Amino acid sequence: MPRTRHEPSDGALEFLPAEHSGSKGEHIRDVLTAMVLNSRDGALLPSERVLAERFGVARMTVRGSIDALESKGMVRRVPGRGTFVQHPTLTHSEIFRSFSEDMRMRGMTPGARSYHARTRPASRLVAANLDITPGDPTHYIERIRTADGIPMALERTNLSAARFPSLLKVMERDDSLYEVLSRVFGVRLESARQTVTIARLTDTEAKRLDVAGDAAAFLIERISVDNMGKVVEYGRSLYRGDRYAIRMHVSPPSQEG
C-alpha cells in the first residue's frame with residue numbers, strides 16, 4: 001500500500017533536506033515540527049536511531065529536539081512503542097453545549113462508535129438524579145464520541161423512558177442527543193450542573209479510547225435541565241486527559257461597603 005503524507009515513516013526522511021543554515025539541533029526540530037503539523041494525530045515518528053543516522057548527530061541531540069516538541073504538547077512518548085504525534089489539547093469550558101455542537105464550532109466533524117443503547121430499571125443513584133422513582137424505566141446510551149474520527153470521550157447518559165418513550169427508535173449512533181430531543185420531543189435544554197473529577201481509565205476503557213492503560217481522564221458528571229426547570233438527563237462521561245483541559249471563569253466574592 002502506498003504511503004501518504006499523513007503517515008510518517010523512516011523512509012519519509014529521504015524527502016527532507018539534510019542541510020540547514022543553523023545548528024543540527026535546530027534543523028531536526030524544524031524537520032520534526034513540519035512532520036508533526038502535516039501528520040494525522042497518533043502517527044508514529046521515526047525512531048531516535050533513524051533520525052540520528054540520517055542527520056549525522058548523537059542520539060542525545062535528537063532526544064533534546066524531541067523533548068522540545070514534547071514540552072509543547074506536540075508529541076507524546078509511549079515507553080516501548082515510540083514517539084507519536086499529538087494534536088493540540090481541546091478546552092472544555094463552562095459554556096453549555098452538546099459534544100456535536102462543540103466539535104463543529106472547532107471545525108471538526110463529530111461522530112461516534114461502539115454505540116450501545118437499552119432500556120433498564122433506574123438505580124437509586126440514577127433515579128435520584130433524574131427525579132424519578134427507583135425501578136422506573138430509563139434509557140441508557142453509551143458510545144465513544146469522536147472528532148474527525150479520533151476517540152475523544154466515553155459518553156454514558158440516562159433519560160426517563162416515560163418522558164421519551166420512542167427515543168431509542170429515533171436515535172442513531174452519530175446523532176446529537178440534544179438535537180434529537182429538540183427535534184422530536186420539543187425539549188430545549190437550558191443549563192446543566194457539572195462536577196469534574198480525575199479518574200483512572202480501566203484497561204478496557206483505555207483501549208476503547210485508544211490511549212495507554214491506566215491513563216488519566218476527566219470524569220464529568222452532568223445533570224441537564226430544560227427551560228421549564230425539569231431534569232432531562234443524568235450522565236457520567238470520561239474525557240481523555242491527554243486531549244482536554246478544563247477552563248473555568250473565577251471571580252472574587254463581592255465586597256459590601
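Of the 257 residues in the protein chain, 42% count as buried. Keep in mind as you look around that this is a predicted model. The chain folds into 8 helices and 10 strands, and it exposes about 14200 Å², with carbon and sulfur atoms supplying 51% of that area. Among contacts between residues at least 6 apart in sequence, 60% join residues at least 24 apart.

S176 sits in the loop between helix 6 (167-170) and helix 7 (177-185). With a relative accessible area of 4%, S176 is buried. Beyond its neighbours within four places in sequence, S176 is in contact with S98, S100 and M171.

Now turn to strand 5 (residues 137-147), where you will find A147. A147 is buried, at 0% relative accessibility. Setting aside residues up to four places away in sequence, A147 touches M103, M108, T109 and M152. G107 is 40 residues from A147 in sequence, yet their C-alpha atoms are 9.5 Å apart in space.

Charged side chains come next. Side chains of opposite charge can pair when their charged atoms come close. The structure holds 16 salt bridges. In one of them, R59 pairs with E48, the closest N and O atoms being 3.8 Å apart. Because R59 lies in helix 3 and E48 in helix 2, this pair ties together parts that are 11 residues apart in sequence. R59 is partly exposed, at 45% relative accessible area, whereas E48 is buried, at 15%.

R156 forms a salt bridge with E142, the closest N and O atoms lying 3.3 Å apart. R156 is in strand 6 (residues 150-160) and E142 in strand 5, so the pair links parts 14 residues apart in sequence. R208 also meets E142 in a salt bridge, at 2.8 Å from N to O. Since R208 belongs to helix 8 (residues 203-208), this pair ties strand 5 to a part 66 residues away in sequence. Through shared partners, salt bridges join E142, R156, E205 and R208 into one network.

Conventions: Residues are numbered from 1 along each chain as its sequence is written. This is a predicted model: local features need pLDDT of at least 70, side-chain atom pairs count only at pLDDT 80 or more; totals for chains, interfaces and linings use all residues. Side-chain values use heavy atoms; hydrogens and water are left out. Helices (H or I, at least four residues) and strands (E, at least two) are DSSP runs, numbered from the N terminus. Buried means under 20% relative accessible area, exposed over 50%, partly exposed in between (1.4 Å probe, protein chains only). Contact means heavy atoms within 4.5 Å. Accessible areas come from the Shrake-Rupley method with a 1.4 Å probe; for residues, only the protein chains shown count as cover. A salt bridge is a side-chain nitrogen of Lys or Arg within 4 Å of a carboxyl oxygen of Asp or Glu.
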